[in-house]
Amino acid sequence: MDQINWPAVASRWLHIVGAIIAVGGAIFLRAIVHPATRTLPTDTAQTVRDAFRKRWSMVYGICILVLLATGFYNYLAVTAPQHRGQGSYNALIGIKIILAFAVFFLGSALVGRSPAFENLRRNAPRWLIINIGLALIVVAIATVLKFIPTVVAHPAGS
Ligand code: HEM
């Protein structure tokens, strides 16, 4: 047990929890909140959705911070040294980070209040589906990364 790299375990755990909450919350909004409010009078539906969005924006902001902090820690301190010089790993992690930034950007535009993204929010169900799809691709890439053999032996337990 004393050979386990506990900071790496804690940071991976937090990263996965952050991903579960961020993606799960977006799915909840798209699959539950939007359809459930569709039958309400327009004004009421908007008020309910805005109330959900306001609460969600706080939680989502925390998820982004957690995913960024733990993601970069996992990469720089744990996985990059194990995959040094390995083109396939570096290319995939690059794509994962770029896609993750796109997910954060779109998700923030949808929960924010900037007038520049009003059009996006008017089509929220469609953009939520797109963002959930992108986030699931990020999770798929993360899973592939996990199975790319390391070039350097694992520091025990990481
Ligand atoms: C939409 C945002 C993100 C989601 C949903 C997400 C999801 C995940 C998940 C589920 C894993 C665990 C995969 C597994 O153990 O099988 C993972 C691993 C990882 N993530 Fe993220 N992530 C996101 C953003 C980021 C960001 C911004 C970084 C920054 C570098 C990052 C870096 C990493 C690294 C290095 C790993 C470990 C990969 C490996 O096993 O070699 N992630 N991610």
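So, 17% of the 158 residues in the protein chain are buried. Buried here takes 20 or more other C-beta atoms within 10 Å of a residue's own, exposed is 12 or fewer, partly exposed is in between, and the C-beta atoms are placed from the backbone. Now, a word on provenance: this is a predicted model, local features need pLDDT of at least 70, side-chain atom pairs count only at pLDDT 80 or more, and totals for chains, interfaces and linings use all residues. Residue numbers start from 1 along each chain, as its sequence is written.

Okay, confidence. pLDDT is the predictor's confidence in each residue, on a scale from 0 to 100. The protein chain averages 94, and 96% of the residues score at least 70. Helix α4, residues 118-122, has the lowest confidence, with a mean of 94, while α5 has the highest, at 98.

On to the overall layout. The C-alpha trace spans about 60 × 30 × 25 Å along its principal axes. Let me define contacts too: two residues are in contact if their C-beta atoms, placed from the backbone, lie within 7 Å. Of the contacts with a separation of 6 or more, 83% are between residues 24 or more positions apart.

Let's look at α3. It has 25 residues and reaches 36 Å from its first C-alpha to its last, close to the 36 Å expected at 1.5 Å a residue; the expected span is 1.5 Å times one less than the number of residues. Its buried residues are Tyr89, Ile93, Lys96, Ala100, Val103, Gly107, Leu110 and Val111. And what covers them? The cover includes α1, α2, α4 and α5.

Next, the core. By nonpolar core I mean a set of buried Ala, Val, Leu, Ile, Met, Phe, Trp, Tyr and Cys residues joined through C-beta atoms within 7 Å. The largest one has 15 residues, and Ala22, Ala26 and Leu67 touch the most other members. Two or more residues each come from α1, α2, α3 and α5, and the largest share, five residues, is from α1. As background, in soluble globular proteins nonpolar side chains tend to be buried together.

Let me zoom in on Ala26. Setting aside neighbours within four places in sequence, Ala26 is in contact with Gly107, Leu128, Asn131, Ile132 and Ala135.

Take two of those partners. Ala135 is in helix α5, and it counts as buried because it has 22 C-beta neighbours inside 10 Å. Ala135 and Ala26 are 109 residues apart along the chain, yet their C-alpha atoms are separated by 9.7 Å. Beyond four places in sequence, Ala135 is in contact with Val23, Ala26 and Val103.

Asn131 is in helix α5 as well. Why does Asn131 count as buried? Because it has 24 C-beta neighbours inside 10 Å. Again leaving out residues up to four places away, Asn131 touches Ala26, Val103, Leu106 and Gly107. From Asn131 to Ile27 you go 104 residues in sequence but 9.6 Å in space, C-alpha to C-alpha.

For contrast, there's Asn119, over in helix α4. Asn119 is exposed, because 10 other C-beta atoms lie within 10 Å. Asn119 and Tyr60 are 59 residues apart in sequence and 20 Å apart in space, C-alpha to C-alpha.

How many residues surround the ligand? There are 22, and the closest are Ala19, Gly71, Tyr75, Ala100 and Ala142; to be near, a residue needs its C-beta atom, placed from the backbone, within 6 Å of the molecule. The shell divides into 15 nonpolar, five polar and two charged residues. At least two shell residues come from each of α1, α2 (42-82), α3 (87-111) and α5 (124-146).

Last stop, Ser11, in helix α1, residues 6-37. Ser11 is buried, because 21 other C-beta atoms lie within 10 Å. Not counting residues up to four places away in sequence, Ser11 touches Thr70, Tyr73 and Asn74. Its C-alpha atom is separated by 8.0 Å from that of Gly71, 60 residues apart along the chain, and Gly71 is one of the closest residues to the ligand.

Technical notes. Helices (H or I, at least four residues) and strands (E, at least two) are DSSP runs, numbered from the N terminus. Ala, Val, Leu, Ile, Met, Phe, Trp, Tyr, Cys and Pro count as nonpolar, Asp, Glu, Lys and Arg as charged, and the others, Gly among them, as polar.
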